[in-house]
Amino acid sequence: MQLTNGNDIFKSLNKAQCRAVISDAATVAILAGPGSGKTHTLTSRVVWLLNHAGIPPQDVIVATFTNKASNEMKARIGHALGDGRERGVIIGTFHSIARRYLVKYGRRIGLDPKFGIADDSDSRGIITRICKRLDTHIEPPIARAWISKRKAKGTSDEQTVRDKKGRNVESQALETCFQEYQDQLERSNLLDYDDLLVRCVELLRRFPQCVSNIQTVLIDEYQDTNGVQYDLMKLFAQKHRRVTIVGDPDQSIYGWRSAEIKNLHRLLRDYPGTDEISLEENYRSSSCILDTALNVIQQDQDRYKKVLLPVRDKGTRPVLRKLKSSTDEADWIVSEMKRIRLLSGNMIDFDDFAILLRSAALSRHVESTLGREGIAYRMVGGFKFYERAEIKILLDYMRVIHQPDNNDAFARIINVPKRGIGEVTIKALLEEAERSSTSLWQLVDKHCRGQRRAKTSIRQQTENALSGSLIKLLNNLRERVRSDTGLGTPMNLVELIRKLARDLKFEDYLEATYGAEYESRWTNVQEFITLAEEFMRQNQGDEEALPTIDGFAQASDDDILARFLSNVSLASDKQTEDKDQEGKPLVTISTIHAAKGLEWPVVFIPAVYNGSIPHVRAEDQSEERRLLYVAMTRAKALLYLSCPQSIASGGGRSTEISSFIDLLPSSAFLPKGPSFDRPIMSSVAKILGRELPLDSVIYKGIPSMTAPEDNLFPVDPNQPLDSHTAGEAGHGGAWRHKRQKLQHPAKSVPVAEESVEGWAAPYKTTMQKAGSFTVPQAAGFTTAGAHMATVAAAEASRPALPPAPARAHSAPRRTTSVRPLNQRSLLGYGYGVTNHDKSKEVAINPTANTSSILKRTSSTPAPAPYARHRAIHNEYQLPPPAAPAIDPSLASHKLGAAKLPASKPPAHRDEAPSKQYSCFSSSPTRPPLSMPISVGPEGGGQDAGKEPEDISPDDHSRPAASFHATTVTGPLGWRPGIKRPAGLGRSGIAPMEKPNKPYKLTVKRP
C-alpha cells in the first residue's frame, strides 16, 4: 500500500504480519512471540485502518501499558503517515485515556474535573492511618493490596458483584477499611490509579454517548490486562465492536498486579469469529537462545501452543555458570563483560550489556563490583527520578497549589524547610482533620486566621511561621497560576518552579540538609525544570482534546499544571534517557518486569536458583516460569545464566539450581563462557548487524598477559580457586596466570626420580640436558659429557665413606644442599660471621676431609633448637656448637605469679656492670668451649684429635630470633611488637653504649 510520503508498509512485513494488518475481521487476535515485530505490526494496522478503511484518526483508540510505548507508537505512525494525522489518534496508557474522559465528562457522575491523582505514597499514608484508627489487626500493605485487587477485578467478575452487594465479603474489617479509604479520597478530591479505571467504566456504562464516535480499538500487551481493563476495552468498542489485540500469553508476568491470562479466552468467548493470527518468526535472538527458552516455556502443559522460528544465525549456546558465592558471581559477570568487550574490539560496548534480576534486592553485589571497577551503570525499575527527595518536595508544593485538600502532600511540606513543627504535631493535626471530616489545609488555615482553634497545641512562633512563610506563599502562587483570576497572563510551569525554589531558598536548604551531596541534588532540580520546559513545548494547546459529540458538552482542560501533575503521576519515570555525565556507555541493571519489551545484545541473569526464580513467595509457578522465559528472550546474541552455590542472606545457606533449568539437558548450556575466536565473533557480529574489527585491531587493544578464556573461576565451584587468579578477578587487573604446583600427597602418588621435594618434572630441564653444552676448564673448553665422565671417575677413585653414626634420638635426614665449599650458609649469620666481616671467617683447609661430620660427646651441650632439624651434610662444615643458653643450675627455676611492674625500675649502675647487648634477642657472650671437636669419619682422619682453631667469642653466641641484622627486642617498658634498629659497624652489630638510658620512640600509625 503506497502512502502519501511514498512509503510502502508491506515491504517490511512478512506473510503473517501482512495477514494481520489487512484482516477484514471485526476482531483480530495477533499472538506475537518475543522479537516477532508485534509493535511494527500494530502500527502498520493503524496506518492501514486510517488509509484503507477510511476511519478518521479521532475515532481510533490505541491503548498501551507505558508512556514510552505510546510515544514510540505515535512516532512510528507519524513517520508512516507523514501528514500529521497521528495527532488526532487517541493514544496512551489505559490510565491516561481514562483520565482524559473523566476530565471532559466526569461532572456527569459527580466528579470534580479538577481532581488530583493519589500516588503510592498518598495511598499508603491514608490506609496506614485508617488501620491505626480502626485498631484492626490487619497490616496496611495487606489492606492496600486487597483494596487494589478488589477494584482491578472489574464488574465482569461475578464474585465481585456479589461482594459489592454485601454478600461473601472476605473480612468485615477489610470492608470497613475500604469504605473509610474511599471516603477520605473523596474528601480530598483525589482518585487513585485503580479509581481512574473504575470511575471511567462507571462513566461509559451510564453515558455510552461519550464513546459513540469510536470505531475501532487496538490494545498492546493484551496479556497484561486485568478485569477492569477488559471491561474498559469492551466499553470503548461497544458501538462498532471492532477490536484488535496484540499479545503473548507466554509473557503474562503481571499476575501480582491482577493481570489475568484468561482474558484471551474471555475475548474469544465474547467475540466469536475472531481472526487468530500467530507471528512465529523471531527477528531478535539467535537460534540457540530461542531453543533453550522454548524448552523452558514448554514445560507448562496448559499454555497456548505456539512456536518460534529463528531468523538469525544459530549462534552459541547459552552459558550456565556455577559460582561459589554471590560475590564470586558478581566478579565473574564483570570479568566476562570486560572479556567480551576486549575480544570484540569494542564492537560490543558496556551499553550492550544488561543484568536482569528477579528482584531489585539482588543488585547489591553487582553494583558494588561495577563501582569498584569504575564501570558506569544505570538502574531500570529501581529508584525513580520523580521519587527523589528534592523532586518530591517541589512536586508536593505544586500539588498543594493545585489541590490544597491533599492531606498527605501538605503534611510532607508543612515543615520543609524547618518551621518549628515536629512529626508528632503533624500526625496529631492529620488525625484531627480526618476525624472532623475536613482537610489538613482547612484546619491549619482556619487556625492561623483565628476562625477555628485546633485542638492540637501549636506554638505561637510556629503559627507565625506557618501563616507567613507557607500559607501566604501558597495562596499567592495559586492566584498567579490560575487563568481566571484576571491578574494578567498566568504563570507558566517553569516560572512557577523557579519562583518556588527562589522563595523557599531551596538551594540553601539542600546544602544545609545534605552537605557535599547537595550539588547533585541541585542538578536534579535543574533537570526537573528542563523536563517542565519540554512538557510545555509538547503540549501547546489542548493536545488531549477528545472529539466533539453532538449534544454532549465537554469541560475545558486548559490547566497545564493539572496536566503536568497527572503526567508525572502516571509516568513510570521521566521520559529522557539517563546518560553518564562524561558520555560513557552505561551497563543496564534492571528487574525482569521492568525489562519487558526491551532487548540487549548480551544478557546476564544471575541468581537462577530456587527461592529466587521461582521466588520463595510466588503463588503461581507458571508465572515464574514465564518470567524466566521473558528474561531469556531479551538477549540477541549472548545469554548467560549463573547460580551461586551459597548466599549470604540465609547465613551462608546452600542453594539449588532453579527447577526450570534443572529439567533441561546439560547439553543445552555451556559450562563456561565460549572461546571468542574469529568464527564465533563473526556470528555474533552477523546477529547484531555490526562489523567485526580486524584481528590486528582487536589484538592491539588487548593488554599483555590477558587470558582470552573464561577461566578466572573454576567450572566446578567446589574446586579451590588459585589465590593469584582470584586476586586478579577481584581487583580487575590483567588476567595473568600462574603455573600451579602439582600436588603429591604422601604415600599415594609415586614421584618421579628426577623430581625434587615432591615437584613433578614432566619435561626435561636444562640441567638434564648437560651433555649438550660445554663448561669451562683450566685447559680450555670441553663437552659437558666429558666433564661429567671425569667427575664420575674422580668420585669412583675416592675411598667409600663409612656410614655415619646413628643419632641417639632421631635418624639423619637427607639434604638437598649443593652449596660450594666457600659459600657460607645463612645459619652462620648468627654465629658472629656476617657478610660485612670477612676477617672472622673460619679458614677451610683444602686438605681436610670435607665430607666428615661433627660428633658430639656426652659433655657437649645440646645444639640450638633449629639445629635439631638440620640435616647432616657432608659438603660443608657446620659452625661450632653454642654454649648452653641457661646455666644448668637455673634450669629448674620458674617465674612467679606476681605481675610485672608497670614501669621499669631505676637502674643501679654502681651495683654491677651492665650486660652487653641487653636489647637484643640473643644471649650474652659466653666463654669459648674447651671441648675439642673431632672432625672426620668415626673421629679419625688427618685432623682427628686436634684442637680447633681460636674462635672469637662472638662466634659462640646463640643466633638471634630473627636473621635480620638490625632487629632488636625492646626493654620491658616498650610497647609490644615495636622494634628499634641498631647501628652497624664494620665488624658486625655494634653494642649499644647506654642501654639503660631512656629514649623516645615515635611510631607512625595508620
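The model discussed here is predicted. The side chain of Asp119 meets that of Lys392 in a salt bridge, with an N to O distance of 2.6 Å. Because Lys392 belongs to helix 15 (residues 389-402) and Asp119 to the loop between strand 4 (116-117) and helix 5 (120-134), this contact ties together parts that are 273 residues apart in sequence.

In total, 50 salt bridges were counted. Side chains of opposite charge can pair when their charged atoms come close. A further case joins Glu533 to Arg498, whose closest N and O atoms are 3.5 Å apart. Glu533 is part of helix 22 (residues 518-538) and Arg498 of helix 20 (residues 493-503), and the pair, 35 residues apart, links distant parts of the chain. Glu533, at 26% relative accessibility, is classed as partly exposed, and Arg498, at 44%, is also classed as partly exposed.

Glu599 and Lys636 form another salt bridge, with 3.4 Å between the closest N and O atoms. Glu599 is located in the loop between strand 14 (587-591) and strand 15 (600-605), whereas Lys636 is located in strand 16 (residues 635-647), so parts that are 37 residues apart in sequence are tied together by the pair. The relative accessible area of Glu599 is 37%, which means that this residue is partly exposed. Lys636 is likewise partly exposed, at 22% relative accessibility. Beyond such individual pairs, a network of salt bridges links Arg129, Arg133, Glu180, Asp408, Glu431, Glu434 and Arg435.

Of its 5 residues, 5 are buried, so strand 14 is largely enclosed by the rest of the structure. In a regular strand the side chains alternate between the two faces of the sheet. In strand 14 both faces are covered, with Val587, Ile589 and Thr591 buried on one side and Thr588 and Ser590 buried on the other. Strand 14 pairs in the parallel sense with strand 12 (residues 353-357) over 4 bridges, and within this pairing Thr588 is the bridge partner of Ala354. Strand 13 (residues 377-380) also runs parallel to strand 14 and is joined to it by 4 bridges; here Ser590 is the bridge partner of Val380.

Strand 2 (residues 60-64) is mostly covered as well, with 5 of its 5 residues buried. Val60, Val62 and Thr64 point one way from strand 2, while Ile61 and Ala63 point the other way, and all are buried. Strand 2 pairs in the parallel sense with strand 6 (residues 216-219) over 4 bridges, and Ala63 stands opposite Ile219 of strand 6. Another 4 bridges connect strand 2 to strand 3 (residues 90-93), again in parallel, with Ala63 opposite Gly92 of strand 3. Together with helix 3 (residues 67-81), strands 2 and 3 make a right-handed β-α-β unit.

A pair of aromatic rings is described by the distance of the centres and the angle of the planes. The count of aromatic pairs comes to 13. One of them, formed by Tyr101 and Phe236, is tilted, with 6.0 Å from centre to centre and 35° between the planes. Since Tyr101 lies in helix 4 (residues 94-105) and Phe236 in helix 10 (residues 227-236), the contact ties together parts that are 135 residues apart in sequence. Tyr101 and Phe236 are both buried. For Phe385 and Tyr386, the ring centres are 5.6 Å apart and the planes stand at 75°, so the arrangement is edge-to-face. Phe385 and Tyr386 are also both buried. Trp332, Phe350, Phe353, Phe604 and Tyr640 form one aromatic cluster.

Aromatic rings also meet charged groups. Arg108 lies over the face of Phe207, at a distance of 5.9 Å from the ring centre. The charged end of Arg150 is placed over the ring of Phe178, at 4.3 Å from its centre.

How values were computed:
Residues are numbered from 1 along each chain as its sequence is written. This is a predicted model: local features need pLDDT of at least 70, side-chain atom pairs count only at pLDDT 80 or more; totals for chains, interfaces and linings use all residues. Side-chain values use heavy atoms; hydrogens and water are left out. A salt bridge is a side-chain nitrogen of Lys or Arg within 4 Å of a carboxyl oxygen of Asp or Glu. Helices (H or I, at least four residues) and strands (E, at least two) are DSSP runs, numbered from the N terminus. Buried means under 20% relative accessible area, exposed over 50%, partly exposed in between (1.4 Å probe, protein chains only). Two strands pair if DSSP finds at least two bridges between them. Rings of Phe, Tyr and Trp (its six-membered ring) pair if their centres lie within 6.5 Å; planes under 30 degrees apart count as stacked, over 60 as edge-to-face and the rest as tilted. A charge sits over a ring if NZ of Lys or CZ of Arg is within 6 Å of the ring centre and within 35 degrees of the ring normal. A crossover is right-handed if, with the strands pointing away from the viewer, the path from the first strand over the helix to the second runs clockwise.
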